Amino acid sequence: MAEEKKAKKPGINIELDEKIAEGTYSNLAIINHSVSEFVIDFVSVMPGTPKSKVKSRIILTPQHAKRLLKALGDNVHRFEKAHGEIKDYEQPPIPLNFGPTGQA
């Protein structure tokens, strides 16, 4: 009997440079979408600071946004299974101001 060789799926070689590996802190995510993309802006809002800047923006296709939702849900579920339920503390809504509004 000849041994069958298992087909290996080609892997993706992903590089992570030092600056990106440090990460960026965010305590607010603002999500918008169009028919062709989802835009997630990550913001760090500090108490007593009247102005905050977007620290990072990620643009996803709708398909990738759905995969991200599933992957994040799976990870939260595993985290809670290991460490207990994540409590969602009520916080007052943060007024968002992205500068002057446009007029048509």
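This report describes the fold, the sheet, the salt bridges and the surface of a predicted model.

## Basis of the description

The model is predicted, and local features need pLDDT of at least 70, side-chain atom pairs count only at pLDDT 80 or more, and totals for chains, interfaces and linings use all residues. Residues are numbered from 1 along each chain as its sequence is written, and side-chain values rest on heavy atoms, with hydrogens and water left out.

## Overall architecture

The chain contains two helices and three strands. Read from the N terminus, its elements follow the order α-β-β-β-α. Helices (H or I, at least four residues) and strands (E, at least two) are DSSP runs, numbered from the N terminus.

Of the 104 residues in the chain, 9% are buried. Here, buried means under 20% relative accessible area, exposed means over 50%, and partly exposed lies in between, with a 1.4 Å probe and protein chains only. The accessible surface of the chain is about 10,700 Å², and carbon and sulfur atoms hold 57% of that surface. Such areas come from the Shrake-Rupley method with a 1.4 Å probe; for residues, only the protein chains shown count as cover. Among contacts in the chain with a separation of 6 or more, 20% involve residues 24 or more positions apart. A contact means heavy atoms within 4.5 Å.

## The sheet

Three strands make up an open sheet in the order β1-β2-β3, with antiparallel pairing. Strands β1 and β3 stand at the edges with a single partner strand each, so one side of each has no neighbour in the sheet. From one strand to the next, the twist averages 15 degrees. Helix α2 packs on this sheet and touches β2 and β3, and its direction makes about 115 degrees with that of β3. For these angles, axes are lines fitted to C-alpha atoms, for helices over the stretch in contact, and angles run from 0 to 180 degrees between N-to-C directions.

Strands β1 (residues 28–33) and β2 (residues 38–43) run antiparallel and are joined by six bridges. Two strands are taken to pair if DSSP finds at least two bridges between them. The two strands β1 and β2 form a hairpin, with four residues between them. Along this pairing, Ala29 stands opposite Phe42 in β2, Asn32 faces Val39 in β2, and His33 stands opposite Phe38 in β2. Val39 has Ile59 as its bridge partner in β3. In a regular strand, side chains alternate between the two faces of the sheet.

## The loop between β2 and β3

Ser44 is located in the loop between β2 and β3. The residue Ser44 is buried, as its relative accessible area is 11%. Leaving aside residues up to four places away in sequence, Ser44 touches Tyr25, Asn27, Ser52, Lys53 and Lys55.

## Salt bridges

Side chains of opposite charge can pair when their charged atoms come close. The structure holds two salt bridges, each defined as a side-chain nitrogen of Lys or Arg within 4 Å of a carboxyl oxygen of Asp or Glu. In one of them, the side chains of Arg57 and Asp41 meet at 2.5 Å, N to O. Arg57 belongs to strand β3 and Asp41 to strand β2, so the pair ties together parts that are 16 residues apart in sequence. Arg57 counts as exposed at 52% relative accessibility, whereas Asp41 is buried with a relative accessible area of 3%.

Another salt bridge links Asp74 with Lys70, where the closest N and O atoms are 3.0 Å apart. Both Asp74 and Lys70 lie in helix α2 (residues 62–83), four residues apart, which is about one turn of the helix. Asp74 is partly exposed at 35% relative accessibility, and Lys70 is exposed with a relative accessible area of 54%.

## A nonpolar surface patch

Leu72, Val76, Phe79 and Ile86 make a nonpolar surface patch of about 350 Å². Patches consist of residues with over 30% relative accessible area and no salt bridge; like charges are joined within 9 Å, and nonpolar side chains (Val, Leu, Ile, Met, Phe, Trp, Tyr) within 5 Å. The relative accessible area of Val76 is 33%, so the residue counts as partly exposed.
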